[in-house]
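Let's take a walk through a protein structure, one piece at a time. Keep the 3D view open as you read.

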Amino acid sequence: MIEKELDVVIIGSGAGGGAVASALGPLAAAGARIAVLEWGPKLREHEFTGQELEMARRLYFDRGGMLTRDLGMTLAFGRGYGGSTVVYTGTSLTVPPRVIVKWNVPGLDSEDVLRRSEKVLEQNNVHLLDEALLNDNNRLFRDGCRRLGWAVEQFPINVKGCQGAGLCNLGCPNAAKQGTNRVQLPAAERQGVKVVANCRVERVEERGCVATVVPSPLGEPSAWEPGEYRIRAKAVVVCAGAVNSPALLLRSKLPVALPALGLYFTAHPALILVAQHARAITNHQGHPKSFYCDQFARTDRFLLETCMYFPFTTAKSLAGFGAEHSKLMSGMDRLQMILVLALDDARPENRVTIGSRGEPVVDYSLSERVLDSLHEAMKASARIFFAAGAERVHAPAGQRFLIESSERDRLDELIPRSGVKPGKVPIAAAHLMGGCRMGSSLTDSVTDCWGQVHGLPWLYVADASLFPGCAEINPYVTIMALADRVAERVAASLEKN
Amino acid sequence: MGVLGKREWDFLFRVAERVVPEVARLEPDDLGRFRAIVEEALAERPPALQRQFRLFLAVVRYAPAARYLVPFDWLDQTRQDAVLAWFQDCPVGLIRKGFWGLKSLVFMGYYGRAEVGVAIGYRPDPRGNERLRVAR
């Protein structure tokens with residue numbers, strides 16, 4: 001076992017870990033020993049090939065298809081230098097103040113989160129795309145919403161030199177997306193923070209952790225030689241994401257009881273919906289995600305967003321099989337897509353646990369309320385598709401594989417609530433939150449409002465697992481804002497000691 | 001030895017032909033790539049999930065005997081499709097989820113091959129914005 005002595009060890013390099021590393025950069029420049037331990041590789045530029053299966057394997061845990069215990073939902077989360085910020089679309093929204101109020105964490109106020117969010121937006125070159133760079137898939141969504149009189153907004157995105165490859169979810173091949181792999185981690189490294197790729201942390205120990213660096217055929221060589229490491233540090237900051245952070249702490253056998261650890265997992269359960277147009281549209285060219293509709297966020301608890309996916313992901317997101325499925329798939333250049341996100345409640349029974357080998361296991365049961373939201377969202381999406389001129393729509397809960405535009409007035413009948421059956425309706429999630437939630441009480445939270453784990457002044461959490469409830473928006477800016485808070489507290493504690 | 005034996009592969013191809021009809025027309029090399037993709041994906045899953053998958057394949061194969069008195073392989077294509085549709089819409093959630101897993105593997109094997117993308121109109125371009133400008 002190789003011994004390492006550090007001041008701060010950061011576990012994970014995604015939105016949380018990258019933000020913490022960046023904020024602590026000045027300390028590193030002043031001589032503090034800080035390392036980021038990242039499970040996955042640091043890919044070289046030519047290894048971003050844009051090939052669906054290849055990149056899913058390189059950049060996601062379980063290829064982006066980790067199954068919940070009941071097999072009812074797949075979870076997508078990234079790994080590698082930059083974590084999930086390598087594979088998101090870069091949509092950069094700040095959390096609505098009402099969400100922070102609803103979280104009800106004493107000491108956490110929306111002004112502070114918004115101020116830090118603004119800093120993230122500035123760092124990441126967040127802006128609106130020019131009208132000329134909006135493809136048909138996005139314009140049709142916007143136009144459909146407007147024809148229906150529904151609220152539709154453009155997403156600010158964090159790109160620099162975007163060429164419109166449309167491959168955001170497979171890692172940008174043009175290095176345009178401003179994830180932590182492009183902004184915060186390189187900045188931190190320039191100030192002396194060490195980022196160690198291919199390094200899996202087995203467990204957290206008293207003021208430290210045990211990790212293994214493995215050789216990888218992909219990416220740049222790790223900063224540390226392959227082998228087992230025992231790392232001592234004054235502060236440990238866990239930023240491994242809403243699945244791996246709770247799992248890591250659960251298998252670490254910490255010296256305090258944390259009854260809420262792993263509980264209150266939320267995920268924005270999602271559907272990918274598809275419609276077919278009479279002619280080819282621009283859909284895979286250009287940035288894939290430019291608009292969202294939050295018309296129903298408060299009433300029916302769902303968001304609608306534009307999206308555009310790849311052949312396998314699209315195929316598995318359709319209910320059905322055989323000739324009609326193949327026929328729809330055979331004209332991908334005619335497809336318009338909408339992503340539905342259900343805004344799920346935090347419930348203690350939805351949780352992360354660990355299996356016999358210490359691996360994460362996620363229990364998530366889709367509540368009737370979530371299924372209601374998905375049902376209403378399918379019908380709303382069908383209305384948008386038809387308002388945008390689609391010839392036919394695929395609703396996974398539909399009585400038939402395709403609903404024709406001539407049937408647009410019968411959506412309530414043709415998309416029955418009884419058709420929303422998990423398994424038949426493919427449900428996936430990529431906004432994974434909770435499990436180490438902030439709060440003031442040991443009974444229903446894991447950390448305080450600064451991300452410090454209750455009872456362990458050297459241990460912090462700084463990622464989406466802190467969220468006491470779902471974010472109701474794409475979460476990365478909020479993760480980075482909270483991580484910035486945590487870093488401030490870590491820096492203060494180091495200076496105090 | 002992979003996750004599936006020869007008989008299980010033969011049966012999986014039978015099902016695959018109903019899930020994606022084009023599988024029946026694949027050349028041997030393409031079928032080999034289909035198999036390699038599925039094999040690799042299965043091999044990465046935990047042993048318990050691999051066992052569940054093999055068990056589910058057996059259920060799909062022999063469950064039709066309860067109604068038709070013969071296994072899936074012996075049914076004509078119309079009845080095979082009816083059986084698969086029943087699995088997809090089954091009142092038992094675990095069966096529906098198992099069928100989704102089975103058909104997802106088939107989709108992965110077929111649509112995961114890069115050359116299929118071009119054939120079905122999937123044409124991303126590293127310089128997509130230029131194509132947008134041309135399209136206008």
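## A helix on the inside

Is helix H6(B) largely enclosed by the rest of the structure or largely open? Keep in mind that what you're looking at is a predicted model. Of the 19 residues in H6(B), 17 are buried, so the helix is largely enclosed by the rest of the structure.

You can find H6 at residues 93–111 of chain B. From first C-alpha to last it reaches 26 Å, close to the 27 Å expected at 1.5 Å a residue. Here's a handy bit of background: an α-helix has 3.6 residues a turn, so residues three or four places apart point the same way.

## A hairpin in chain A

Now hop over to chain A and look for strands E14 (residues 351–354) and E15. They pair in the antiparallel sense, over 4 bridges. Together they make a hairpin with 5 residues between them, and in the turn Gly358(A) has a positive phi of about 85°. If you want a spot to check the pairing, Val352(A) stands opposite Val362(A) in E15(A).

Which way do the residues of E15(A) point? Pro360(A) and Val362(A) go one way, while Val361(A) and Asp363(A) go the other, and all are buried.

## Charged partners

Side chains of opposite charge can pair when their charged atoms come close. How many salt bridges are there over all chains? The count comes to 56.

One of them is between Glu44(B) and Arg57(A), with the closest N and O atoms 2.4 Å apart. Glu44(B) lies in the loop between helices H2 and H3 of chain B and Arg57(A) in helix H3 of chain A, so this pair joins two chains. Glu44(B) counts as partly exposed because its relative accessibility is 35%, and Arg57(A) is partly exposed too, at 37%.

Asp363(A) has a relative accessible area of 16%, so it counts as buried.

Another pair is Glu205(A) and Arg232(A), with 3.8 Å between the closest N and O atoms. Here strand E7 supplies Glu205(A) and strand E9 supplies Arg232(A), 27 residues apart. Glu205(A) counts as buried at 17% relative accessibility, whereas Arg232(A) counts as partly exposed at 29%. Salt bridges can also share partners: Asp112(A), Arg115(A), Arg116(A), Lys119(A), Asp484(A), Arg485(A) and Glu488(A) are joined into one network that way.

A disulfide is a covalent bond between the sulfur atoms of two cysteines. How many disulfides are there over all chains? The count is 0.

Cys209(A) is in no disulfide either, since the nearest cysteine sulfur, that of Cys199(A), is 7.3 Å away and the cut-off is 2.5 Å. Both Cys168(A), at 9% relative accessibility, and Cys209(A), at 0%, count as buried.

Note on methods. Residues are numbered from 1 along each chain as its sequence is written. Chains are lettered from A and ligands numbered from 1 in the order in which they are written. This is a predicted model: local features need pLDDT of at least 70, side-chain atom pairs count only at pLDDT 80 or more; totals for chains, interfaces and linings use all residues. Side-chain values use heavy atoms; hydrogens and water are left out. Buried means under 20% relative accessible area, exposed over 50%, partly exposed in between (1.4 Å probe, protein chains only). Two strands pair if DSSP finds at least two bridges between them. The expected span of a helix is 1.5 Å times one less than its number of residues. A salt bridge is a side-chain nitrogen of Lys or Arg within 4 Å of a carboxyl oxygen of Asp or Glu.
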